[in-house]
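Keep the model open while you read. The tour goes from a sheet to its strands, then to a loop and a helix pair.

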Amino acid sequence: MAMIAAKCPRYEVTVVDVNAERIGAWQSDALPIYEPGLLDVVKQVRGRNLFFSTDVASAIDKAEIIFVSVNTPTKTFGEGAGKAPDLQYWEKTARTIVEASRGNKVVVEKSTLPVRTAHAMERILNSNRKGIRFEVLSNPEFLAEGTAMRDLELPDRVLIGSHQTPEGIAARDALVEIYANWVPREQIITSNVWSAELSKLASNAFLAQRISSINSISALCEKTAADVSEVSRAIGLDSRIGSRFLNASVGFGGSCFRKDILNLVYLCETCGLPEIARYWQGVIAINEHQKTRFVQTIVSAMFDTIADKRIALLGFAFKKDTGDTRDSPAIAIARKLLEEQALVVVSDPKALANARLDLAGAPAGRLLFEEDPLQAARGAHALAILTEWDVYRTLDFRAIFDAMEKPAFVFDGRNILDHKALYSIGFNVYPIGKPPLTHL
Ligand code: UGA
């Protein structure tokens, strides 16, 4: 919304939330999320044509176009628990929109939703007795965290799904007009509503599938003399495949990939397509396996026991340049290390507050938080790189080595360090998908 306000000075944008604390934070310089470049854009437009408010009803009533971006977490109860999205927030929002509206409106699905949600929402919205007509569009968001501002400014494409009726097309064109303020027309693509909804789930599933594919190859590399970076380079130079999203890692995380694939799996199951459901479930299974494998490597390299050994986790965010830890592989890895009775020290430049919440309830005395990587490493037997923060590439590893217990281990879950240099300092180095470099 900040980007729309910045690019379209003629439009007035009001962001509403029932959470007053968050709205307060949006009105301050301490935004509720860390995203590079966001504060600059917010400051440029806040009070000009971007407003934040808790007065949901009046903002709805005044708006011609309403973007709904409420969360759709995976259901934890009842039918479809663990797979289907929990649509209660979406439905409540639809009812709030009906209540607060006095005129026709376009309602845009921004939240990622299963196919045919727009249809259900439309039925709720248009069952009103006020004679108001709502036109529902699907306009999925493809930005990635950490690069959100660039992704919004220069999107590969903007997708708008609408009904192919005159009203649907008019609503669609109103939204196209907004994006056309800065996105080239040929990159604004349109489709029917269901295609737009499914494209969002399928895009994330394809991206996650690439990561699981390369991670599956990384396991094979570790059993042979192959090097996964060499393999991914060779694969990625095929222009049909392309080189992006082929970095082997400790597993994908984030609030979307797992949730959206589970959504897709559930959809396939309910559509009577169990083979297709199993296929996509496999992408998640490999991701879980990758985290388990990483911990198994740590335990077996460190003489089959890590009990009472201090292990410093460098990075807790699910990727660099964000403080977001939702579904971060670091959570599962930290828990598994704690189960092995290790002493875990978590370090991260932006995600420590979230890490504390994620690991609440850990056994007393076994979990520490330390922002400075050198302090985290002091007295540790091992470092595990879990997030690819740039600062980790240039740490003083000689000083870190001197401060650690010996033999000192590095488990590079992101393959971002100079492994040969670490080895020559004296570390035993275990990358992902490459032969380890050990002095033992
Ligand atoms: C993802 C998609 O990339 C966006 O297009 C989409 O809009 C978004 O989900 C969403 O649905 O909201 P995001 O989760 O922010 O974006 O982050 P990604 O850059 O996709 O990374 C996801 C995970 O995959 C991270 O844990 C990352 O470290 C991991 N990853 C990524 C790898 O392990 N290897 C890679 O080569 C790339």
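Helices (H or I, at least four residues) and strands (E, at least two) are DSSP runs, numbered from the N terminus. This is a predicted model: local features need pLDDT of at least 70, side-chain atom pairs count only at pLDDT 80 or more, and totals for chains, interfaces and linings use all residues. Residues are numbered from 1 along each chain as its sequence is written, and side-chain values use heavy atoms, with hydrogens and water left out.

Start with the sheet. Six strands form it, in the order β10-β9-β8-β11-β12-β13. The sheet is open and its pairing is parallel. Two strands pair if DSSP finds at least two bridges between them. β10 (367–369) and β13 are the edge strands, and each of them pairs on one side only. From one strand to the next, the twist averages 20°. Axes here are lines fitted to C-alpha atoms, for helices over the stretch in contact, and angles run from 0 to 180 degrees between N-to-C directions.

A helix lies against this sheet. Helix α12 (residues 274–301) packs on it and touches β8, β11, β12 and β13. Contact means heavy atoms within 4.5 Å. The direction of α12 makes about 165° with that of β12.

Now take β8. Buried means under 20% relative accessible area, exposed over 50%, and partly exposed in between (1.4 Å probe, protein chains only). R310, A312 and L314 point one way from β8. I311 and L313 point the other way, and these too are buried.

What does β8 pair with? Strand β11 (residues 382–385) runs parallel to β8 (residues 310–314), and four bridges join the two. I311 has A382 as its bridge partner in β11. A312 has L383 as its partner in that strand. Strand β9 (residues 343–347) also runs parallel to β8, joined to it by five bridges. There, L313 is partnered by V346.

β8, helix α13 (residues 329–339) and β9 make a right-handed β-α-β unit. A crossover is right-handed if, with the strands pointing away from the viewer, the path from the first strand over the helix to the second runs clockwise.

Strand β12 (residues 409–412) and β13 run parallel, with four bridges between them. D412 stands opposite P431 in β13. With helix α17 (residues 419–425), these two strands make a right-handed β-α-β unit. Are the faces of β13 (residues 428–431) covered or open? Both are covered. N428 and Y430 are buried on one side, V429 and P431 on the other.

The bond from K406 to P407 is cis, with omega near -5°. P407 sits in the loop between α16 (397–403) and β12.

Another loop joins α12 to β8. F303 lies in this loop. Its phi is near 65°, a positive value in a residue other than glycine. F303 is partly exposed because its relative accessible area is 47%. D304 lies in the loop between α12 and β8 too. Phi of D304 is near 65°, again positive in a residue other than glycine. With 59% relative accessibility, D304 counts as exposed.

D308 is also placed in the loop between α12 and β8. Why does D308 count as exposed? D308 does so because its relative accessibility is 57%. Which residues does D308 contact, leaving aside its neighbours within four places in sequence? They are Q341, A342 and R366. R22 is 286 residues from D308 along the chain, and their C-alpha atoms are separated by 40 Å.

Finish with a helix pair. Helix α5 (residues 88–100) packs against helix α6 (residues 117–126) at an angle of about 30°, and their axes are 9 Å apart. That angle makes α5 roughly parallel to α6. Angles under 35 degrees count as roughly parallel, over 145 as roughly antiparallel, 65 to 115 as roughly perpendicular and the rest as oblique. The crossing of α5 past α6 is right-handed. A crossing is left-handed if the near helix is turned anticlockwise from the far one by less than a right angle, and right-handed if clockwise. On the α5 side, W90, E91, A94, R95, I97 and V98 meet α6. The residues they meet there are M121, I124 and L125.
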